[in-house]
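Please open the structure in your viewer and keep the selection panel at hand.

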Amino acid sequence: MQAAAKLASEPFPYRRPERIVTDVQISIGLMHAGYPIMGLLAVVPEVIDEKRIRRSGVWGPLHEVGHNFQRSPWVFYPHTVDADCNLWTIYVHEGILGISRDRAHQALRPENRKQRIKMHMDKGAPLSNWETWTALETYLQLQEAFGWDPFIQLFADYQVITKYPSDNAGKMNLWMKKFSEIVQKNLVPFFKAWGWPIQKEVANSLASLPEWEENPMKEYVRDTSEHSSSK
């Protein structure tokens, strides 16, 4: 829980307790976020069996903890509701439990990740398709390139922003601008490849930053272009 607070740039101990309450019937799903987090009785071993946690992880409960850390300024509804909360799941699995992301959840195995990107690009990268695991992939590519520190800094920055856009396009452009400034790279081509609605004035404001030469989406953009030209 201390690690989860660190990623969120939130104080520890928490301002209010995080509790998990299990019952024979809850309002939705196997678990859901809130105060308290609720879960069916079946999740009890996943919460209290330390040997099991250290062996197999604790994805469900940490996913819900991640939901509790989500904040409206940087959540793009409905796209990232079940996406960026998993940053906390992965951060704790890898940093505390020593369980890599591809072991923590089968959806994060390399072959599944590559297939999702290809499917998204083959569809023309529509924003309507950028949800859940596909949306999470965008954040994972950034994390794998720049580490966790930019995310910690980003979440700290958001805590002092007093005025932010209320619409998805505005919020997404602010997120891209702030992350680009933190890592000192022009990330416009990267987010364009993913299908983000990039605003011209924001793109212009980042034009002086160095190009991100290692942009992992370059190969997918190239493959899509070659596929289209060969038709």
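This is a predicted model: local features need pLDDT of at least 70, side-chain atom pairs count only at pLDDT 80 or more; totals for chains, interfaces and linings use all residues.

Begin by selecting the 3 strands, which form an open sheet in the order 1-3-2 with mixed pairing. Which strands stand at the edges? They are strand 1 (20-23) and strand 2 (31-32), and each has a single partner strand, so one side of each is left without a neighbour in the sheet. Strands of a sheet pair through backbone hydrogen bonds, either parallel or antiparallel. Now keep strand 1 and strand 3 (residues 37-40) in view: these two run parallel and are joined by 4 bridges. To see how they line up, select Asp 23, which stands opposite Leu 40 in strand 3.

Is Arg 15 buried or exposed? Its relative accessibility is 68%, and because exposed means over 50%, Arg 15 counts as exposed. If you show side chains here, you will find that of Arg 15 in polar contact with the side chain of Glu 10, at 2.7 Å. Then select Arg 16 together with Tyr 35, and look at the ring: Arg 16 lies over the face of Tyr 35, 3.6 Å from the ring centre.

**Helix 5**

Select helix 5 (residues 86-95) and, within that helix, pick out His 93. The relative accessible area of His 93 is 0%, so this residue is buried.

**Aromatic pairs**

For the last stop, turn to the aromatic rings, for which the count comes to 23 pairs. One of these to select is Trp 130 with Tyr 139, whose ring centres are 6.2 Å apart and whose planes stand at 50°, so that the pair is tilted. Both partners are worth checking for accessibility: Trp 130 is buried, with a relative accessible area of 0%, and Tyr 139, at 1% relative accessibility, also counts as buried. Go on to Phe 190 and Phe 191, where the centres of the rings lie 5.0 Å apart and the planes are at 80°, so this pair is edge-to-face. Phe 190 and Phe 191 are both buried.

Methods
Residues are numbered from 1 along each chain as its sequence is written. Side-chain values use heavy atoms; hydrogens and water are left out. Buried means under 20% relative accessible area, exposed over 50%, partly exposed in between (1.4 Å probe, protein chains only). Two strands pair if DSSP finds at least two bridges between them. Rings of Phe, Tyr and Trp (its six-membered ring) pair if their centres lie within 6.5 Å; planes under 30 degrees apart count as stacked, over 60 as edge-to-face and the rest as tilted. A charge sits over a ring if NZ of Lys or CZ of Arg is within 6 Å of the ring centre and within 35 degrees of the ring normal. A polar contact is a pair of N or O atoms within 3.5 Å; within protein, one must be able to donate a hydrogen and the other to accept it, and residues adjacent in sequence count only if both atoms are side-chain atoms.
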